[in-house]
Amino acid sequence: MVIYLHGDPGGATAPNNTKFFDQAAYRVVFWNQRGVGKSRPRNKLKRNTTQHLSDDIKSLREHLYISKWHVVFGGSWGSTLGLFYTQAYPEHMGSLVVCRVLTARMSELLCRDGQPVAAKFFPEEWAELLALLCDDEREDPMRAYYTRITSDDAEVSAAAAQQWNK
């Protein structure tokens with residue numbers, strides 16, 4: 001039994017995620033985290049912490065009557081969540097596979113000169129990300145997107161979430 005943990009907080013599982021597994025050999029659970037995919041409410045962070053998500057994985061395992069995951073598989077943010085889960089519940093997993101590892105440290109997000117990694121290596125995409133923001137928001141785009149995504153205004157929240165995931 002494998003659980004697939006998707007990347008990008010605010011992202012979701014997608015049909016192409018199946019490419020990692022021989023589904024004739026493995027039973028794979030493709031799980032969407034709170035607030036994404038078909039989960040409701042969308043894009044809300046209340047009671048949506050790493051601990052909550054780890055506990056959700058535990059609850060899902062119990063709900064499906066799985067004694068332990070043979071593989072916890074995560075990419076990007078899913079790698080971080082997988083690491084957290086396996087530390088919290090080591091007795092309920094056999095192995096951990098991670099790719100595109102993200103530990104969400106500032107050293108991974110910023111270059112030595114303080115420039116965002118994304119801006120340096122993907123300047124066109126970075127400019128597109130900033131395009132949604134007002135001039136004063138561009139000084140701290142992560143905070144600005146957090147504020148917009150968690151807005152009570154559904155249109156503001158949806159537009160920011162779509163642009164962030166793009």
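**View 1. D140 and its salt bridge to R143.** D140 is partly exposed in this predicted model, with a relative accessible area of 36%. Its partner is R143, and the closest N and O atoms of the salt bridge are 3.3 Å apart. R143 is exposed, because its relative accessible area of 57% lies over the 50% cut-off.

**View 2. D135 and R138, joined by their side chains.** The side chains of D135 and R138 meet in a salt bridge. From N to O the distance is 3.4 Å. D135 has a relative accessible area of 61% and is therefore exposed. R138, at 34% relative accessibility, is partly exposed. The chain has six salt bridges by the count used here.

**View 3. A salt-bridge network with K58, R61 and E62.** These three residues, K58, R61 and E62, are linked in a network of salt bridges. One of the links runs from K58 to E62, with the closest N and O atoms 3.3 Å apart. Both K58 and E62 lie in helix α1, which spans residues 50-63. They sit four residues apart, about one turn of the helix. K58 is partly exposed, with 27% relative accessible area. E62 is partly exposed as well, at 40% relative accessibility.

**View 4. Helices α6 and α7 at their crossing.** Helix α6 covers residues 141-149, and helix α7 covers residues 154-165. Their axes come within 7 Å and cross at roughly 135°. That angle makes α6 oblique to α7. From α6, the contact involves M142, Y145, R148 and I149. From α7, the contact involves V156, S157, A160, A161, Q163 and W164.

View 5. T103 lies in the loop between β4 (93-99) and α3 (106-109). Its relative accessible area is 35%, so T103 counts as partly exposed. Leaving aside residues up to four places away in sequence, T103 touches T80 and E108. T80 and T103 are 23 residues apart in sequence. From C-alpha to C-alpha, T80 and T103 are 5.6 Å apart in space.

**View 6. A nonpolar patch on the surface.** L83, V98 and V101 form this nonpolar patch. Together they have about 200 Å² of accessible area. L83 belongs to helix α2, residues 77-88. L83 is partly exposed, at 32% relative accessibility.

**View 7. The whole chain, as a setting for the close-ups.** The chain has seven helices and four strands. Along the sequence, the pattern reads β-β-α-β-α-β-α-α-α-α-α. The C-alpha atoms fill a box of roughly 50 × 35 × 30 Å along the principal axes. The chain has 166 residues, and 37% of them count as buried. Its accessible surface comes to about 10300 Å². Carbon and sulfur atoms account for 54% of that surface. Among contacts between residues at least 6 apart in sequence, 58% join residues at least 24 apart.

Notes:
Residues are numbered from 1 along each chain as its sequence is written. This is a predicted model: local features need pLDDT of at least 70, side-chain atom pairs count only at pLDDT 80 or more; totals for chains, interfaces and linings use all residues. Side-chain values use heavy atoms; hydrogens and water are left out. Patches are made of residues with over 30% relative accessible area and no salt bridge: like charges are joined within 9 Å, nonpolar side chains (Val, Leu, Ile, Met, Phe, Trp, Tyr) within 5 Å. Accessible areas come from the Shrake-Rupley method with a 1.4 Å probe; for residues, only the protein chains shown count as cover. A salt bridge is a side-chain nitrogen of Lys or Arg within 4 Å of a carboxyl oxygen of Asp or Glu. Helices (H or I, at least four residues) and strands (E, at least two) are DSSP runs, numbered from the N terminus. Buried means under 20% relative accessible area, exposed over 50%, partly exposed in between (1.4 Å probe, protein chains only). Axes are lines fitted to C-alpha atoms, for helices over the stretch in contact, and angles run from 0 to 180 degrees between N-to-C directions. Angles under 35 degrees count as roughly parallel, over 145 as roughly antiparallel, 65 to 115 as roughly perpendicular and the rest as oblique. Contact means heavy atoms within 4.5 Å.
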